[in-house]
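Here are my notes on the model you sent. Please read them with the structure open beside you.

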Amino acid sequence: MVVHGDCYPSLRGLSLLQKVWRRIAAFIQTNDRAYLHRTNHFNGAPQRLGEVQSDIRGYVSELLSKALNKGSLDSTINKEDKEKLLEGLKGWGVLDTSYRYVKSHETGKHRGYSVYPGGGLMPDAKPSTPIPMDKLLDSGMWSDIYTNYTVHVHQPTMFQPVGGMGKIGDAFTRECREMITFNAKVTKINQDETGVTIDYVDSNSPDSEAKTVRADWCICTIPLSILTQIDINVSAPMKQAMAAVPYDSSYKVGLEFKRRFWEEDEWIYGGITYTDMPISQISYPSQDMFSSGSGVLLGAYGFGEASYKFNSLTPKERINAALAYGKQIHPQYTKEFRSGTSVAWHRIPWSLGCYGIWSESSREQYYETLCEIDHRIVLAGEHCSHIPAWQEARYYPVWMLPNAYIKRPRNLDS
Ligand SMILES: Cc1cc2nc3c(=O)[nH]c(=O)nc-3n(C[C@H](O)[C@H](O)[C@H](O)COP(=O)(O)OP(=O)(O)OC[C@H]3O[C@@H](n4cnc5c(N)ncnc54)[C@H](O)[C@@H]3O)c2cc1C
């Protein structure tokens with residue numbers, strides 16, 4: 001199966017990706033052909049993202065034009081700007097000469113057609129019909145757009161290492177193999193005036209005798225969900241900061257199908273469908289498009305409440321649930337399913353969760369302490385960043401380490 005992921009869209013992250021793993025491919029985050037889906041609206045029929053977006057733009061433009069033309073906003077906008085705005089709204093919202101958003105060949109150019117333009121003696125093109133505004137608002141689909149698509153971290157095109165996100169870890173392993181002790185499960189971290197002693201066991205035989213390693217300093221990247229359960233002698237403020245960050249829960253289900261029906265039947269090439277069902281989303285692969293034979297979808301990926309439900313199921317039950325929900329969007333699931341797999345991050349012993357959750361107040365109270373050097377121990381990892389749940393987040397604390405050393409280290413007994 002192919003793992004896929006996307007990369008936080010900052011120049012620093014991209015240049016790092018280039019350095020460690022040169023084979024980079026585009027990852028399509030937003031695709032107008034993907035769907036928005038609400039179980040109790042439109043008789044459960046999924047709606048194309050591009051159509052919903054066009055309609056929202058149209059109705060908002062129509063209403064704003066109405067207010068402008070009535071003079072309702074005259075106290076907030078001058079005459080010249082009003083004219084410019086009206087002209088822009090007419091084009092942006094695809095409004096007719098009376099500033100109305102109604103089905104027309106022009107709207108067809110934006111939201112698509114029920115009969116697409118062709119050639120020869122093919123039937124005439126027919127524009128598709130906009131979704132009535134009240135139905136659109138009732139469905140709440142608008143929230144999917146501003147929650148998932150228009151946020152900075154989900155730009156329409158992202159990047160992924162060819163072969164999956166795991167290739168980044170593989171690249172670091174290739175470069176630093178000699179420095180790594182594999183399968184070493186840390187059980188105790190003890191610092192004193194002259195250094196740090198780490199106790200660890202072989203994670204493949206946890207009952208084997210514990211080993212010890214000693215160094216002058218310790219950069220610890222163990223997630224806080226685990227570190228807080230390890231015997232570690234850091235200062236009281238650091239202990240408090242470590243305990244102040246709960247971890248979110250997340251799950252994914254990968255589904256393999258005999259053919260890429262989302263491409264062949266529904267013209268969906270990459271992108272993500274969002275739904276209010278517990279699977280939360282279906283993500284279509286950005287690689288191997290147009291290939292024949294089987295293909296893999298991300299058939300479920302959720303956080304929080306939905307995640308607790310999935311986490312309590314067995315792996316087989318998770319796959320069955322993803323299939324049962326997903327076929328409401330893609331009826332082809334039943335006939336085309338081949339195999340599946342799932343991960344519930346709360347149940348992974350070496351992460352016990354997905355990412356550290358910070359609130360504004362916990363950041364204010366604990367973040368700086370967590371990132372400071374504590375005598376001879378300093379923490380690194382995504383939990384020491386402002387971009388939780390992104391790979392890039394794990395590198396910033398290490399890049400910032402020289403700054404941590406400049407600051408006065410907190411003493412053991414402070
Ligand atoms: C479901 C999910 C989806 C994600 N999607 C994306 C994405 O699309 N794009 C993106 O950029 N990022 C994504 N991320 C985020 C990214 O994977 C993390 O931010 C990143 O892996 C955090 O790096 P880290 O080094 O802080 O922690 P980790 O990668 O969790 O590394 C911690 C390490 O500590 C080890 N460890 C744990 N306990 C012990 C112990 N007792 N002794 C020794 N070692 C121990 C673990 O084995 C692990 O190797 C996703 C994360 C999740 C969970």
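**Notes on the model**

1. Start with Arg376, which sits in the loop between α14 and β17 (377-379). Helices (H or I, at least four residues) and strands (E, at least two) are DSSP runs, numbered from the N terminus. Residues are numbered from 1 along each chain as its sequence is written. This is a predicted model: local features need pLDDT of at least 70, side-chain atom pairs count only at pLDDT 80 or more, and totals for chains, interfaces and linings use all residues.

2. The cut-offs: buried means 20 or more other C-beta atoms within 10 Å of the residue's own, exposed means 12 or fewer, and partly exposed lies in between, with C-beta atoms placed from the backbone.

3. What does Arg376 touch? Leaving out residues up to four places away in sequence, the partners are Gln191, Gly195, Val196, Trp217 and Cys218. Contact here means C-beta atoms, placed from the backbone, within 7 Å. Gly195 is 181 residues from Arg376 along the chain, yet their C-alpha atoms are separated by 6.8 Å.

4. Strand β7 (residues 184-191) runs antiparallel to β8 (residues 196-202), and seven bridges join them. Strands pair if DSSP finds at least two bridges between them. Ala184 is opposite Asp202 in β8. Both strands belong to an open, mixed sheet of four strands, in the order β9-β8-β7-β11. β9 (211-215) and β11 (231-232) are the edges; each has a single partner strand, so one side of each lacks a neighbour in the sheet.

5. Now helix α9 (residues 236-243). Its buried residues include Met238, Ala241 and Met242. These lie on the same side of α9, because they cover an arc of only 100° around the axis. The arc is that of the directions from the helix axis to the C-beta atoms. Ala236 and Ala243, on the other side, are exposed. The cover over the buried residues includes α8 (224-227) and α14 (360-371).

6. The largest nonpolar core has 37 residues; Val52, Leu297, Ala300 and Ala322 touch the most other members. Such a core is a set of buried Ala, Val, Leu, Ile, Met, Phe, Trp, Tyr and Cys residues joined through C-beta atoms within 7 Å. Elements giving two or more residues include β2 (35-37), α2 (49-70), β12 (250-257) and α12 (315-326). β15 gives the most, five residues. A second, separate core of 20 residues includes Cys218, Val234, Val378 and Cys384.

7. Val52 touches Leu36, Gln47, Ile131, Leu136 and Met141, not counting residues up to four places away in sequence. In β15, eight of nine residues are buried. β15 runs antiparallel to β12, with eight bridges between them.

8. Finally, the whole protein. There are 16 helices and 17 strands, and 31% of the 414 residues count as buried. The C-alpha atoms fill a box of roughly 80 × 60 × 40 Å along the principal axes. Domain 1 covers 42-139 and domain 2 covers 181-247 + 355-406; these bounds come from an automatic or database domain assignment. Their centres, over C-alpha atoms, are separated by 53 Å. Among contacts between residues at least 6 apart in sequence, 66% join residues at least 24 apart.

Terms used
Contact = placed C-beta atoms within 7 Å.
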